[in-house]
Number of protein chains: 2
Amino acid sequence: MNTKFPPLSEREQTVLKAVVHIYITTAEPVGSRTVVKRLGLNLSPATIRNVMSDLEEMGYLTQVHTSSGRVPTDIGYKYYVNYLMKVQELTLAEREHIKKELTKKMDTADQILRQTSHLLALASHQAGLAELPAENAAVIRRIELVPLLERQVAILIVDSFGCVHTSSVVLDNTVSPQLLESLSKFLNESLYNVSIDNIHSTVRDSLKKFFDERRKLVELALKILTQVEPPTNQMFLDGTNNLFDQPEFQEPTKVRSIIGIMEDPSPLVKALRESLANLESQQRTVLIGSETMMNNINEFGVIASPYRLEEKGYPAGFIGILGPKRMPYERLSSIVDYTAGMVGKMLSRLWR
Amino acid sequence: MNTKFPPLSEREQTVLKAVVHIYITTAEPVGSRTVVKRLGLNLSPATIRNVMSDLEEMGYLTQVHTSSGRVPTDIGYKYYVNYLMKVQELTLAEREHIKKELTKKMDTADQILRQTSHLLALASHQAGLAELPAENAAVIRRIELVPLLERQVAILIVDSFGCVHTSSVVLDNTVSPQLLESLSKFLNESLYNVSIDNIHSTVRDSLKKFFDERRKLVELALKILTQVEPPTNQMFLDGTNNLFDQPEFQEPTKVRSIIGIMEDPSPLVKALRESLANLESQQRTVLIGSETMMNNINEFGVIASPYRLEEKGYPAGFIGILGPKRMPYERLSSIVDYTAGMVGKMLSRLWR
DNA sequence: GTTAGCATTCGACCTTAGTGAGTGCTAAAA
DNA sequence: TTTTAGCACTCACTAAGGTCGAATGCTAAC
């Protein structure tokens, strides 16, 4: 969303903030009287009505029908999140809880991020999501070639997070165990510390220089490696059932959309990646409504933060919370931020 | 369900069959007039009314409210499935289609059964389910121990289906690569062809006899193996979104129950296993309503058939179709049967 | 055993009226 | 110029009443 935000007076900001707050908790259109009460202002509802009317004209609020209360638009939420929201610090207890859950004994990035998505769902009462570290953050630690049948070979790649990638390859002709063993040795020597991402490109290059002396081995290696499917970047999604508690997801069509995400979260992932990439500070991002790219369902909001490995400065992946647009962003933002920090730490500890 | 089926006259059977048929296609309570039309009988609706009233008294039919048409009860369905239904042969085209989809190049049991659940969902327009072969049908083919950190070891077990089970183990103290290598060799020798199911018991026994001569190795092996978590028997579930098209699953509470199954299908799996085990012929089974054990939602029906490996006579797992009770059992049963046969064949071909 | 006839039941659907929360607008007050 | 009181108006929501039609159960006759 390349939105222009029309500038708001202080009063307009106050009212917008109040409307968002109230709507977030009640899920019902907000009327002028309610805003006055909430703000404890010495103004009449009529005054606020005028302000709200202005806000509607500017695109921050909308009415679900003539003469019902107002509801924030996507732009309204966005303005709120960008300029009005005051991130709520976590209590010590909350921080301790997250820390405790994430410092449980976990041996692989897999486990850590599954646990993270679970934790986020639990803490937020929304859906939690957690992406595995990008492949270019992981590096090959060990390769094993395991003969299954004569012409079938399983290839096991252990990365620096302790994740094991397996795939199975069928060759044109039989390969002797001896050859496999020396190939395995060869690959371990030449591919150690190479980014998994580049199995298909860099690896090729780094193998070439051996071409003359060990031609047969290299040819075999290339044959095998081209068949290895590049690992898809996985995302864990937990607590989707929390979403069904929200009034906006009662209708069957909305339900379908949730199922849709569970089955194929890639549009959401793509949108989040882009958003995080475009961010200068590469901090937290919030997508609202259509920005989430979820097959024409504009009812979702998502808060995401990247996590980093200490060794490497750049973000390795992200975690986040998915819920209705109408989410308590203030509290959830800090949960996401803090958790992202912890995840980075835990992964760094794992990374060897 | 340990049901007694009160015996039915021929006419009663005909009527029950008609009611089930009509209800399956219309999803609406069936009245006496409709039954008469459908059967093309030379009887008046009043006569059929009497029959239906009798069927209701016996527990085969029920009314959703006084003076609406009748709907089959769970027992009604059961009677239909057990005694009245005539399994509809598949057309050649349908058989070819299933065969084609299942003979695609697939290298692991994993892939085959995932594809099976997908195929079943597609062919039935319901949800398809497919259980991985029971662990006791699989046998260890290869064990690899891969050092990650000094005290951390990944253990990779390749079974006879080409499935790779991985787990990660942390030891009390450092183990040298040499020791690991010889342990790996040792395990491969002593555990080849041993059922995975018994990693914790049989393996222990079979290792004991080496205790004296290779004590250190055996101790280490036991230490590692006890930490290996026994693989959980997985089930693939595909096409749950088809269920949302059915009128009976529109309500939010029903939707939740579907999500519940997706998240934890184990009660259903357990119910199916028991049912299949109790069957003398060990052929197809059908569970209806409460039999499916799905958290108090009695709207589901499931048709399942076991598949067998040619080498081993007993069932290795099952596949099936999950849908509303109101399912076209006649057609779906034959799909399940035929597919189960094909799956068995494909797995046998894989099994080495 | 079967059927015609009939009163009855009950959900589905429509209309109607009433209620209440909320708005926009105007004119007066501050 | 800003704020406010007052008022007409809008519109979803609800309850009540009425009609319709699909079905039933029952009884008495065939």
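Which residues of helix 6 of chain A are buried? In this predicted model, the buried set comprises Ala109(A), Ile112(A), Leu113(A), Gln115(A), Thr116(A), Ser117(A), Leu119(A), Leu120(A), Ala121(A), Ala123(A) and Ser124(A). The helix runs over residues 109-124, 16 residues in all, and its first and last C-alpha atoms are 22 Å apart, close to the 22 Å expected at 1.5 Å a residue. The cover over its buried residues includes helix 5 (92-102), helix 10 (240-243) and helix 13 (329-350) of chain A, along with strand 3 (127-131), strand 7 (235-238) and strand 10 (315-324) of that chain. Just past the end of the helix, His125(A) adopts a positive phi of about 60 degrees.

Buried here are Ala109(B), Ile112(B), Leu113(B), Gln115(B), Thr116(B), Ser117(B), Leu119(B), Leu120(B), Ala121(B), Ala123(B) and Ser124(B). Among the elements of chain B that cover them are helix 5 (92-102), strand 3 (127-131) and helix 13 (329-350). Just after this helix, His125(B) takes a positive phi of about 60 degrees.

How are the two chains related? Chain B is superposed on chain A by a rotation of 180 degrees with 0.1 Å of shift along the axis, giving an RMSD of 0.1 Å. This is the relation of a two-fold axis. The contact between the chains fits into this picture: 96% of the interface residues of chain B are also interface residues in chain A, so the copies meet through the same surface.

At that interface, 26 residues of chain B are in contact with 25 residues of chain A. On the chain B side, two or more residues each come from strand 4 (140-147), strand 5 (152-159), strand 6 (164-170), helix 10 (240-243) and helix 11 (252-263).

Attention now turns to the nonpolar interior. In soluble globular proteins, nonpolar side chains tend to be buried together. The largest nonpolar core in the model has 187 residues, and those touching the most other members are Val19(A), Ile319(A), Leu347(A), Val19(B), Ile319(B) and Leu347(B). Beyond its neighbours within four places in sequence, Val19(A) is in contact with Val30(A), Val35(A), Leu61(A), Arg70(A) and Pro72(A).

The DNA strands complete the description. Around DNA strand C there are 21 residues, of which Gly31(A), Ser32(A), Ser44(B), Thr47(B) and Ser67(B) come nearest. Helix 2 (32-39) and helix 3 (45-58) of chain A, together with helix 3 (45-58) of chain B, each give two or more residues to this surface. Helix 3 of chain A gives the most, with four residues. The surface near DNA strand C divides into four nonpolar, 14 polar and three charged residues.

DNA strand D is likewise surrounded by 21 residues, the closest being Leu43(A), Thr47(A), Ser67(A), Gly31(B) and Ser32(B). Here the elements giving two or more residues are helix 3 of chain A with helix 2 (32-39) and helix 3 of chain B. Helix 3 of chain B supplies the largest share, four residues. Near DNA strand D, the residues divide into four nonpolar, 14 polar and three charged.

Terms used
Residues are numbered from 1 along each chain as its sequence is written. Chains are lettered from A and ligands numbered from 1 in the order in which they are written. This is a predicted model: local features need pLDDT of at least 70, side-chain atom pairs count only at pLDDT 80 or more; totals for chains, interfaces and linings use all residues. Two residues are in contact if their C-beta atoms, placed from the backbone, lie within 7 Å. A residue is near a molecule or strand if its C-beta atom, placed from the backbone, lies within 6 Å of it. Ala, Val, Leu, Ile, Met, Phe, Trp, Tyr, Cys and Pro count as nonpolar, Asp, Glu, Lys and Arg as charged, and the others, Gly among them, as polar. The expected span of a helix is 1.5 Å times one less than its number of residues. A residue is buried if 20 or more other C-beta atoms lie within 10 Å of its own, exposed if 12 or fewer, and partly exposed in between; C-beta atoms are placed from the backbone. A nonpolar core is a set of buried Ala, Val, Leu, Ile, Met, Phe, Trp, Tyr and Cys residues joined through C-beta atoms within 7 Å. Copies are superposed by least squares on the C-alpha atoms of residues with pLDDT of at least 70 in both.
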